[in-house]
Amino acid sequence: MATAENKRPRSSGGVERPPSRKEILGRKKAIKELIRKAVAVKDHLAQFPDFHKYERSGFSIYLESGHGNQLPVPMRKYIQNLLKANMKGTYGSEWTSEEKIKRREMVAPEARYILICQYADSDIAKCFMKQDSGVECAHVTCRGGRLLGFVHYRFVVEEDVPVLYVYELQLESSVQGKGLGKFLMQLIELIACKSQMEAVMLTVQKSNTDAMAFYNNLGYVISSTSPSRVDPLIGIHRSYEILCKAFESEAKCKLEEGK
């Protein structure tokens with residue numbers, strides 16, 4: 001049974017009344033606190049030990065967390081190069097300006113990362129030896145292995161709804177088509193729910209039909225905040241769509257249905 005706090009305010013006639021200024025300010029304050037708590041978590045991945053490793057048909061990779069303003073220089077260069085390799089063709093003539101924006105975004109303090117890494121057998125053996133000796137080694141550090149991709153995400157507010165926004169999900173071609181993308185998005189959704197976010201959102205270029213189909217298959221729909229939904233005439237001239245997957249009924253109304 002829904003509690004009084006979960007019900008929308010109604011007048012005596014059963015018609016929904018607009019929230020009072022006090023109620024609006026109270027919700028804004030609560031949302032701001034949710035975002036603050038989510039950002040304050042040092043390592044979201046640590047809460048999900050089953051997602052520290054991904055194995056499939058002899059293929060093994062490990063996941064590690066990172067912060068945008070703490071990335072080592074070699075890791076920054078890797079991210080820049082992978083973005084260029086994967087996205088330059090998709091953006092076309094817009095890439096030059098878009099690349100500058102992405103370089104600023106990737107090192108922002110609020111940027112959070114899931115790093116996809118592969119290690120030599122000797123590195124993994126060392127980790128297990130530490131575990132056997134009682135030394136904590138939940139998942140090995142990416143700084144000693146080979147990077148194969150990353151997810152860049154943030155906690156933001158969209159239409160007065162707290163959301164986890166996926167800025168980038170980039171994988172090297174050698175690890176695409178192995179179910180890893182779906183695995184990573186499952187993790188992202190778990191992080192969002194654990195952090196009490198009400199939806200996951202992301203931006204996809206219209207020309208990237210494979211990505212669009214991938215997210216659609218995972219239950220993502222074009223958001224009411226996407227240019228094509230806000231104004232079809234404007235949307236025609238925009239090269240991207242904003243997709244979302246809402247977990248709460250109010251978020252579905254605001255981000256999917258546009259009510």
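I take a contact to mean heavy atoms within 4.5 Å. With that cut-off, I looked up the contacts in the protein with a separation of 6 or more, and residues 24 or more positions apart account for 70% of them.

I am working on a predicted model, where local features need pLDDT of at least 70, side-chain atom pairs count only at pLDDT 80 or more, and totals for chains, interfaces and linings use all residues. Residues are numbered from 1 along each chain as its sequence is written, and side-chain values use heavy atoms, with hydrogens and water left out.

**Entry: overall content.** I read 9 helices and 8 strands for the protein. Helices (H or I, at least four residues) and strands (E, at least two) are DSSP runs, numbered from the N terminus. Of the 259 residues, 41% count as buried; buried means under 20% relative accessible area, exposed over 50%, and partly exposed in between, with a 1.4 Å probe and protein chains only.

Entry: I looked up the strand order of the open sheet and found 1-2-3-4-5-6-8-7, with mixed pairing among its 8 strands. Strand 1 (53-56) and strand 7 (221-222) are at the edges with a single partner strand each, so one side of each has no neighbour in the sheet. Two strands pair if DSSP finds at least two bridges between them.

I then checked the pairs around strand 4 (146-158). Strand 3 and strand 4 are antiparallel over 7 bridges, and Tyr113 stands opposite His152 of strand 4. Strand 4 and strand 5 (161-171) are antiparallel over 10 bridges. In strand 5, Gln170 is the bridge partner of Phe150, and Val161 is that of Glu158.

**Entry: helices on the sheet.** I find helix 3 lying across strand 3 (112-118), strand 4 and strand 5, at about 85° to strand 4. Helix 6 (209-217) also packs on the sheet, touching strand 5, strand 6 (199-205) and strand 8 (240-246), and its direction makes about 160° with that of strand 6. Axes are lines fitted to C-alpha atoms, for helices over the stretch in contact, and angles run from 0 to 180 degrees between N-to-C directions.

**Entry: positive phi.** Most residues other than glycine have a negative phi. I found Glu159 with a positive phi of about 55°, in the hairpin of strand 4 and strand 5, which has 2 residues between the strands. Glu159 is partly exposed, at 49% relative accessible area.

Gln196 also has a positive phi, near 65°. Gln196 sits in the loop between helix 5 (180-194) and strand 6, and counts as exposed at 53% relative accessibility.
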